[in-house]
Amino acid sequence: MKSIEIKGSKRESVGKKSTKALRNAGEVPCVLYGGEDSVVHFHAPAAAFKSLIYTSDVHTVKLVMNDGVKANAVLQDIQFHPVTDEILHMDFYQFSDDQEITMEIPVHSEGVPKGVKNGGVLRFNLRRMTVRGFASSLPDYIVADVTPLKIGQKLYVTSVASDDFNILHPDNTVICQVRTSRNLVTAEDEEEGEEAAEGAEAATEEKTEE
């Protein structure tokens, strides 16, 4: 999995006034958990998080502090302003190379389902999957081959199982399915209606001839 480097500065003060001053200066107050120091308070420019937050991709983070300390981490929580969507606060969790982490990985479909070729529609129930494994083994995304799916068939999480990570969803969790489209149902109804009308017309003609 790809990693994004973010340069931060440790906070000397964590009071409300200090926090407000940081936000006014375009900085985001953050907390790092899980390291040798139980909690590390730091801040970084809001612009530094754009490639981490405003994307559908998932990344781990390499934090580089102003005192030279480095840490591999994953984003645990983020708070946004309810009106402006400004990032108010972020929590990170530090991990080591020999430690498994839990992350939500996006699911990318591959192929065109047989059911779609026959007029069906592919519907996703799960766009991201929660998995656990070592950061070095986690993929940037999980590939779901939807080619064999016919109308009415479903693709379950077990179909994308891997030795590289553990899927933290029940085996009967549906990733996607091919459903009958409304247009196809309407067309079938119209055909049935036309057949019924033709049958009624033929019956009327027979009675008339008698």
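**Figure 1. Overview of the chain.** The accessible surface of the chain comes to about 13,100 Å², and 46% of this surface belongs to carbon and sulfur atoms; accessible areas come from the Shrake-Rupley method with a 1.4 Å probe, and for residues only the protein chains shown count as cover. The model is predicted, so local features need pLDDT of at least 70 and side-chain atom pairs count only at pLDDT 80 or more, while totals for chains, interfaces and linings use all residues. Residues are numbered from 1 along each chain as its sequence is written, and side-chain values use heavy atoms, with hydrogens and water left out. The chain has 4 helices and 13 strands, taken as DSSP runs numbered from the N terminus (helices: H or I, at least four residues; strands: E, at least two). Of the 210 residues, 32% count as buried (buried: under 20% relative accessible area; exposed: over 50%; partly exposed: in between; 1.4 Å probe, protein chains only).

**Figure 2. The closed barrel.** Six strands, in the order S1-S3-S2-S6-S5-S4, form a closed barrel with mixed pairing; two strands pair if DSSP finds at least two bridges between them. From one strand to the next, the twist averages 45 degrees (axes are lines fitted to C-alpha atoms, for helices over the stretch in contact; angles run from 0 to 180 degrees between N-to-C directions). Strands S2 (residues 27-33) and S6 (residues 87-94) are joined in the parallel sense over 4 bridges.

**Figure 3. Helix H1 on the sheet.** Helix H1 (residues 16-24) packs on the sheet and touches S2, S3 (39-45) and S6, its direction making about 125 degrees with that of S2. Within helix H1 lies Thr 19, which counts as buried because its relative accessibility is 13%. Leaving aside neighbours within four places in sequence, Thr 19 is in contact with Arg 11, Val 14 and Pro 29 (contact: heavy atoms within 4.5 Å).

**Figure 4. The salt bridge between Lys 10 and Asp 67.** In this pair the closest N and O atoms are 2.9 Å apart; a salt bridge is a side-chain nitrogen of Lys or Arg within 4 Å of a carboxyl oxygen of Asp or Glu. Lys 10 lies in strand S1 (residues 3-10) and Asp 67 in the loop between S4 (60-65) and S5 (70-80), so the pair ties together parts 57 residues apart in sequence. Lys 10 is partly exposed at 30% relative accessibility, as is Asp 67 at 44%.

**Figure 5. The salt bridge between Arg 132 and Glu 100.** The closest N and O atoms of this pair are 3.8 Å apart. Because Arg 132 lies in strand S9 (residues 128-134) and Glu 100 in strand S7 (residues 100-110), the pair ties together parts 32 residues apart in sequence.
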